[in-house]
Amino acid sequence: MITAYEITLAEVADAAAIAVLSRDAIETGLSWRWTARRVLRSILDESTNVAVLRRDGQLQGFAIMRYGDEEAHISLFAVRASQRRIGLGSALLAWLEATAQVAGIRTIKLEARAGNAAAKSFYRRHGFTEAGLSPGYYEDVEDAVRMVKRWGPEG
Ligand SMILES: CC(C)(COP(=O)(O)OP(=O)(O)OC[C@H]1O[C@@H](n2cnc3c(N)ncnc32)[C@H](O)[C@@H]1OP(=O)(O)O)[C@@H](O)C(=O)NCCC(=O)NCCS
């Protein structure tokens, strides 16, 4: 079971570590698009939350979620490989869902690589359903599966 961890909004100084984790955990086999500069733009963007999860002061996971008027969109989400399957991803997702709910948002959408069985299983476990495929979404290397979670009266 997990021990102490904290989830907070990222600081400017986290941008480089987040970018490296994105490259290693998410963008494997693709161009490195989420560079430190792009992550920094998200940290500074008022419509985006960049959340980081730390254990013993070490960054072990992060998520980037954009807020629209009625929907939120998870752009990136990862837990360091050595720290998986102990509930950290679930804690981070719960944090994102809570912030969305506080903002009055009832829908979260995301895309995952169609071959990413772990991610699909993780999101299904948390109430997301598959809403279709986007062919060639990842640089024509791989399709995306679109996933969605809705809650509230029509959810
Ligand atoms: C997907 C990911 C974020 C899950 O994080 P995590 O901290 O390992 O998740 P949790 O420990 O909270 O897992 C919760 C549940 O999700 C499901 N799950 C998580 N990883 C799984 C895997 N590899 N295979 C099957 N089910 C999995 C399980 O039901 C798990 O519960 P259990 O451990 O009791 O069986 C992590 O594997 C990751 O960072 N992957 C690489 C990046 C990525 O794919 N990001 C998502 C798309 S952007």
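## Sheet and pocket exercises

**Exercise 1.** Determine in which sense S1 and strand S2 (residues 48-55) pair, and over how many bridges.

Solution. S1 and S2 pair in the antiparallel sense, over 4 bridges. Strands here are DSSP runs of E with at least two residues, helices are runs of H or I with at least four, and both are numbered from the N terminus. Two strands count as paired if DSSP finds at least two bridges between them. Within this pair, Ile7 has Leu53 of S2 as its bridge partner.

The model is predicted, so local features need pLDDT of at least 70 and side-chain atom pairs count only at pLDDT 80 or more, while totals for chains, interfaces and linings use all residues. Residues are numbered from 1 along each chain as its sequence is written, and side-chain values use heavy atoms, with hydrogens and water left out.

**Exercise 2.** Give the strand order of the open sheet and identify its edge strands.

Solution. The 7 strands are ordered S1-S2-S3-S4-S5-S7-S6, with mixed pairing. Strand S1 (6-9) and S6 are the edges, since each pairs on one side only. Ignoring direction, neighbouring strands are turned by 25° against each other on average. H4 packs on this sheet and touches S4, S5, S6 and strand S7 (142-150); contact means heavy atoms within 4.5 Å. The direction of H4 makes about 10° with that of S7. Axes are lines fitted to C-alpha atoms, for helices over the stretch in contact, and angles run from 0 to 180 degrees between N-to-C directions.

**Exercise 3.** Describe how S6 and S7 are joined.

Solution. S6 and S7 run antiparallel and are joined by 6 bridges. Glu130 stands opposite Met147 in S7. The hairpin has 3 residues between the strands, and Glu139 takes a positive phi near 55° there.

**Exercise 4.** Characterise the largest pocket by volume and lining.

Solution. Its space is about 1,300 Å³. On a 1 Å grid over the protein atoms alone, a pocket is an open set of points where a 1.4 Å probe fits, with protein on both sides within 12 Å along at least five of seven lines; lining residues have an atom within 4 Å of a point. Grid points are joined across faces, edges and corners, and the volume is the space filled by probe spheres set on them. Of the 40 lining residues, Ile26, Phe77, Asn116, Ala119 and Tyr123 lie nearest the centre. S4 gives the largest share, 7 residues.
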